[in-house]
Amino acid sequence: MIFYGLRGVGKTVLLNRIRTDAEGRGILAARVEAPEERSLPALLAPSLRALLTRLSRGAAAKAAARRALRALSGFATALKLKYEDLQIGLEFDPEPGLADSGDLETDLTALLAAVGTAAAERDAAVVLFIDELQYVREEQLAALIGALHSASQDLLPITMMAAGLPQLVGQAGRAKSYAERLFEFVPMDRLDPAAAEAALCVPAGKSNVTFDDAAISEILAQTFGYPYFLQEWGKHSWNLADRSPIKGNDARRATVQALAELDASFFRVRFDRLTPSEKRYLRAMAELGPGSHRSGNIADRLGRRVTAVAPVRSTLIAKGMIYSPAHGDTAFTVPLFDGFMKRTIPEWN
């Protein structure tokens, strides 16, 4: 299963909750977050090593788990030169011919098969929980999907749950055409007004605190139903209010504080990773408003051809700042980012 959606809709929270529940039922979980510029082997190897070490503790599964550890050793040794960020200490010698060909998909298929076999002998199951999967490069994503497909065909108890930005759906389809049949892609979006009000009011109600209608209207109007922003506005409204019910004026003052905090952290950390040309591209997008925009319209705002700004658009997609909801369209992956760009770069020409 793969959850996808914009920033702030709760993908990571949901993925972590599923992992916690799975571990509570005895499922072995390998937790991975995929940052930019890290290879898939470098991300998987430490988590799989920890998982296999746990599997090898039971006497009944020692042989299969140790073979899987040897497979991991061969995998790491064969790919260390190709992926220079792969650094892991392993106490088992590689088994010649096991996951050591140097071809990522071949070796990853053999490695996951060994892990799945070890889990099966223990009457257990293994789940890879991977967050920010959109940062895994397509050829490496193809290897991962291919390896999981092979494990599924062999009925091995190993699978993946992941989360990422909207572009992940297209990336997976380009990586392997059968990805849509192997995984269930689950969209996550902002909450509708009733659910957003419940998310705000139900937790507060457990402490006998309520929001009046004016406060609810202000918070829902400012947050557009995005769960993370509901948390922020709810927190600041709570802190500013003298008593229950929290009133409209409390929520309006909370808007000032919430935006200031978001500008200094949530938005700023993403803005500071951008080059001047990337900032200018996003500022042109912001000038057009919060929705999806034609790439040609953005280029027109910049006074340049679409082909001239296409490389900038590509790097912004790779950085997870924008995505293409439809061919030729461009939208922010971070809700409310258009407002931040206008506050940060107020002058536009």
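Leaving aside neighbours within four places in sequence, which residues is Ile-130 in contact with? They are Leu-15, Val-32, Leu-44, Leu-144, Met-160, Met-161, Ala-162 and Ala-163. Contact means heavy atoms within 4.5 Å.

This is a predicted model, in which local features need pLDDT of at least 70, side-chain atom pairs count only at pLDDT 80 or more, and totals for chains, interfaces and linings use all residues. Residues are numbered from 1 along each chain as its sequence is written, and side-chain values use heavy atoms, with hydrogens and water left out.

Start with the whole protein. It has 16 helices and eight strands. These are DSSP runs, numbered from the N terminus: helices are H or I with at least four residues, strands E with at least two. The C-alpha trace spans about 70 × 55 × 35 Å along its principal axes. Of the 349 residues, 48% count as buried. Buried means under 20% relative accessible area, with a 1.4 Å probe and protein chains only. Among contacts with a separation of 6 or more, 72% join residues 24 or more positions apart.

Now go inside. A nonpolar core is a set of buried Ala, Val, Leu, Ile, Met, Phe, Trp, Tyr and Cys residues joined through side-chain atoms within 4.5 Å. The largest one holds 57 residues. Ile-130 is one of those that touch the most other members, along with Leu-44, Leu-108, Leu-133, Leu-144 and Met-160. The strands β2 (28-33), β3 (126-131) and β4 (158-164) each supply at least two residues. So do the helices α2 (40-55), α3 (62-79), α4 (104-121), α5 (138-153) and α6 (167-175). A second, separate core has 54 residues, including Ala-163, Ala-215, Ala-286 and Ala-331.

Next, look at a loop. Ser-39 lies between β2 and α2. Ser-39 is buried, at a relative accessible area of 6%. Beyond residues up to four places away in sequence, Ser-39 touches Tyr-83, Asp-85 and Gln-140.

Finally, find the open sheet of three strands. Its order is β6-β8-β7, and the pairing is antiparallel. Two strands pair if DSSP finds at least two bridges between them. β6 (293-294) and β7 (322-323) stand at the edges. Each has a single partner strand, so one side of each is left without a neighbour in the sheet. β7 pairs with β8 (residues 329-332) over two bridges. Ile-322 has Phe-332 in β8 as its bridge partner.

How values were computed
Buried < 20%, exposed > 50% of the residue type's maximum accessible area, 1.4 Å probe, protein only.
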